[in-house]
Amino acid sequence: MPKATLIREHPVARLTAVLVLLAGCLTGCVTSSAQEVSVSAPPPKPLAPCAWWYGIGRAPTADEIVQAARRYEVVVLNADQSAAMRRLHQLNPQVKVLVYKDLSSTRNYPGAVDGGHDAAFLPSGIGYVAAQQNHPDWFAVDVKGRRIEWQGFPRHWQMTVWDPDYQQAWTDAVVGEVTREGWDGVLADNDFNTLSFYSSAVLAGTANVAETDRKLRDGLDAFLSLAGDAFSKANKLLVPNVSETHLVPGRWTAHSRFGGAMEENFGFREDRGSGGLLTFRGNEFQELRAQAALGESLLLLVTRTHDAREERTGYASAALLAGPRTCWTRATTDDYRNPEWSALQDSGLGEAVDAAGRLPNGVWTRTFTHGWIAVNTTASTQTVTPPEGLVTPGAPTPPPSTTPAATPTPTPAPITLAAADAMILVDPPTSP
C-alpha cells in the first residue's frame, strides 16, 4: 500500500485472511466484524445482485421516488435532495440513501456558488468561496503555481487531498451534514488513482506525473482513514468511488472498510472494446469476491452499457459476486440523469449455491437455486457446457410435456461464448 499508516492497519496478511475466508463464509461462517468470526450466527445469503440507483443527474420526481422505494436497496442523491431522502425512508425504511460528496474538488459553477456565496448544500465537502477566502492554500497548484481546473469539467478545482487540515475540515463538514440531515452515509466521489483523467498537470513539489499520482494516492489513503473513522463513530457509511483498484493490490480492501465502495467501470472491456474484462485483471476481482462473501459492506457496481451484450455481461459478472450487499446497476448515459433498471434484475436467479469457479479456459461460472451463469472474461471465444433444462430469462412458458417418462434426459451440449460475453440461464417458467 502507498501509505504507511494503511500498511499498519491493513497488512497483506489481512487481505490474505479475507480471501481465505471466502470459501468458508459461503458454507457456514459469518464475520461479525473485520477481525471476529462468529459460528453461531447464520451465514449471510449470497443472493443475486440487488438494484441500486446513482441518482445524481437531476432532482427525482415524486413518481420516481415512489418507484425507487420499491425497486432499489441503495439510492445516491445530491445534497440538496434531503426531502427526497426522507420520503424514501418513509416509503421504505430499509433503503440506504447516501448523499453525494466529492473528495477531491471544490466547484464554483451555478448551483454550487450563487450570488457570490456558497450554496447551502454543496456537491463537495468544502465550498469554493469559503476556501478562496479562508484557505486559498487548499487549492492544488501545478509546478507554475496555477490552480488546476479539471479538463472536461469546467469549474471543478483540484484540492490538496494530502493536506491534513483539508482532510479534517472536509470530514467535519460532511459528517456534520450527514448526521444533521439524516442521511445513511456518503458516496465520496473521485477517490482516484491518477489525475490524468482530469488533467495533465504536474503538482507543485513533484517532478513528474508518476510522483503527482503517488502524492494524490498517498493523500487519499490517509484521507479515507481519517474520514472513515469519523463516519464509523457517527454510525454512518463512507462509500468511496475508488478507481483502478486492479493496479494497486489491497486498495479496494482498504478503502471499502468503512461501509463499502463503488466501482464505476465494472465489467469494462479493455482495448477500446476488443479485449477481455478489465475487472478481472490484477487483484481486484479477488478482493471484490472476498468482500462480497463476508457481507459486511456494500459493493456498488456500475456497468456502462450500450448493447445487450454489455448489459448481460455486467449483470452476470455482478452475480459472480453475489452476496448479501452486492448491488448492480447499468448506466446508459454519462450524466446519470434517469433511474436505471434492467429486466435482468427480475431474472429470478435466487441464491447462489456455490462459489464462483474459473474453468481452465478463463470462463467463470456459478450455480444458483433457480439458474446458472457463465462469464467469458477473456478476449477470445471459449466453450462452456451449461446445465440441462434451463432457459434464457423471459423465455415463453413451454407447453405441457408429452415426453414419455422413460425417455432419458439429453446430455448437455457445449456452447461457444464470445469474448467478454456472458450467458444467464434460469428455470423455465411453469405452466399454469
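# A tour of side-chain contacts

Select Asp142 and Arg146: their side chains meet in a salt bridge, N to O at 2.9 Å. A salt bridge here is a side-chain nitrogen of Lys or Arg within 4 Å of a carboxyl oxygen of Asp or Glu. Side chains of opposite charge can pair when their charged atoms come close. Asp142 is buried, at 8% relative accessible area. Arg146 is partly exposed, at 46%. Buried means under 20% relative accessible area, exposed means over 50%, and partly exposed lies in between (1.4 Å probe, protein chains only).

Before moving on, note that this is a predicted model, where local features need pLDDT of at least 70 and side-chain atom pairs count only at pLDDT 80 or more, while totals for chains, interfaces and linings use all residues. Residues are numbered from 1 along each chain as its sequence is written, and side-chain values use heavy atoms, with hydrogens and water left out.

The whole structure holds 15 salt bridges. Select Arg180 and Glu181 next. Their closest N and O atoms are 3.6 Å apart. Glu181 is buried at 15%, whereas Arg180 is exposed at 59%.

Now go to Arg304 and Asp334. This salt bridge has its closest N and O atoms 3.4 Å apart. Arg304 is in strand β13 (residues 298-304) and Asp334 is in the loop between β14 and β15 (357-358), so the pair ties together parts 30 residues apart in sequence. Helices (H or I, at least four residues) and strands (E, at least two) are DSSP runs, numbered from the N terminus.

**Aromatic rings**

A search of the whole structure finds 17 aromatic pairs. Rings of Phe, Tyr and Trp (its six-membered ring) pair if their centres lie within 6.5 Å; planes under 30 degrees apart count as stacked, over 60 as edge-to-face and the rest as tilted. Select Tyr128 and Phe139. Their ring centres are 5.4 Å apart and their planes stand at 75°, so this pair is edge-to-face. Tyr128 lies in helix α5 (residues 128-134), and Phe139 lies in the loop between α5 and β9 (156-158). Both are buried: Tyr128 at 17%, Phe139 at 3%.

The charged end of Arg147 sits over the ring of Phe139, 3.8 Å from its centre. The test is that NZ of Lys or CZ of Arg is within 6 Å of the ring centre and within 35 degrees of the ring normal.

Next, select Trp138, Tyr166, Trp170 and Phe223, which form one aromatic cluster. Trp170 is buried, at 0%, and Phe223 is buried, also at 0%.

**The disulfide**

Select Cys50 and Cys327. They form a disulfide, with sulfur atoms 1.8 Å apart; the cut-off is a pair of cysteine sulfur atoms within 2.5 Å. The angle about the S-S bond is -50°, and the link is left-handed. Cys50 lies in strand β3 (residues 50-55) and Cys327 in strand β14 (residues 326-331), so the pair ties together parts 277 residues apart in sequence. Both cysteines, Cys50 and Cys327, are buried.

**Last stop: helix α3**

Select residues 62-71, helix α3. Glu64, Ile65, Ala68 and Ala69 are buried there. Down the axis of α3, the buried residues fall within an arc of 140°, so they line one face of the helix. That arc uses the directions from the helix axis to the C-beta atoms. Which exposed residues does the face turned away from the buried side of α3 carry? Asp63 and Arg70.
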